[in-house]
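User: Got a model to go through with you. Can we start with the helix packing and then do the rings?
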Amino acid sequence: MENVFVMDHPLIQHKISIIRDKNTGSKEFREAVKEISMLMGYEVTRNLPLEEVEIETPVCKTKSKVIAGRKLGIVPILRAGLGMVDGLLSLVPAAKVGHIGLYRDPDTLEPVEYYCKLPVDVQERELIVVDPMLATGGSAIAAIKFIKDRGASNIKLVCLIAAPEGVKAVQEAHPEVEIYLGSLDEKLNDHAYIVPGLGDAGDRLFGTK
């Protein structure tokens, strides 16, 4: 699938097995989500531009490379997306963090934005939208639209687990957005849960039911 990248690194796959396991408690679940997010962030940031600078080592002056002035933003979709933020920040601590909250209108079934706070210079930033699960794609599609409405154009979506239905929906709605996945699962069930999936990521992160 175009613009879709599934991470096959052994460490990512190992830790995904941990978060799938129903016997993994909230503490271990949170730690594994953070670690997977950091490992995925390594790939998500692979194409950051570099520039050459002159530095002085203890031995001599030399030319070396640093990340060019690309501004990054991390935007978790509340609430489960919060679990992925620290892992990415550990790689790019200077990134700004925005937040977007959505709920589904019970009558229209359309996503409604209830909270959106983004960096003021959002149009200048490369934004990484994070949500552990990409099921139907409804929340991700809406979140990306709301972010675009505020002037952002350079957006990536990072999810730990996805269903093919959700990936297809996001691709159709936002074909230019790159999608990074820890695993592309089999399907959605009749309750729109990903199979095999890992259950409700928010409940497992925060110990709620």
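Predicted model: local features only at pLDDT ≥ 70, side-chain atom pairs only at ≥ 80, totals over all residues.

User: Fine. Which residues in H1 and H2 meet?
Analyst: From H1, Leu11, Ile12, Lys15, Ile16, Ile18 and Ile19. They meet Phe29, Ala32, Val33, Glu35, Ile36, Leu39 and Met40 of H2.

User: What's that contact made of by class?
Analyst: There are 11 nonpolar residues, two charged and no polar.

User: At what angle do H1 and H2 pack?
Analyst: About 155°, with the axes 9 Å apart. Angles over 145 degrees count as roughly antiparallel, so H1 and H2 are roughly antiparallel.

User: Is the crossing of H1 and H2 left-handed or right-handed?
Analyst: Left-handed.

User: Rings now. How many aromatic pairs in the whole structure?
Analyst: Two. In one, Phe5 and Tyr180 have ring centres 5.0 Å apart and planes at 20°, so they are stacked.

User: Which strands do Phe5 and Tyr180 lie in?
Analyst: Phe5 is in S1, residues 4-6, and Tyr180 in S11, residues 178-184. The pair therefore ties together parts 175 residues apart in sequence.

User: Is Tyr180 buried or exposed?
Analyst: Buried, at 6% relative accessibility. Phe5 is partly exposed, at 34%.

User: And the other pair?
Analyst: Tyr103 with Tyr114, tilted. Their centres are 6.4 Å apart, with 35° between the planes. Tyr103 is in strand S6 and Tyr114 in strand S7, so this pair ties together parts 11 residues apart in sequence.

User: How accessible is Tyr103?
Analyst: Partly exposed, at 42% relative accessibility. Tyr114 is also partly exposed, at 47%.

Definitions and conventions
Residues numbered from 1 in each chain as written. Heavy atoms only, no water. Phe/Tyr/Trp six-rings, centres within 6.5 Å; stacked < 30°, edge-to-face > 60°. Helix = DSSP H or I, 4+ residues; strand = E, 2+ residues; numbered from the N terminus. Buried < 20%, exposed > 50% of the residue type's maximum accessible area, 1.4 Å probe, protein only. Axes fitted to C-alpha atoms, helices over the stretch in contact; angles between N-to-C directions. Parallel < 35°, antiparallel > 145°, perpendicular 65-115°, else oblique. Left-handed = near helix turned anticlockwise from the far one by under 90°. Contact = heavy atoms within 4.5 Å. Nonpolar A, V, L, I, M, F, W, Y, C, P; charged D, E, K, R; others polar.
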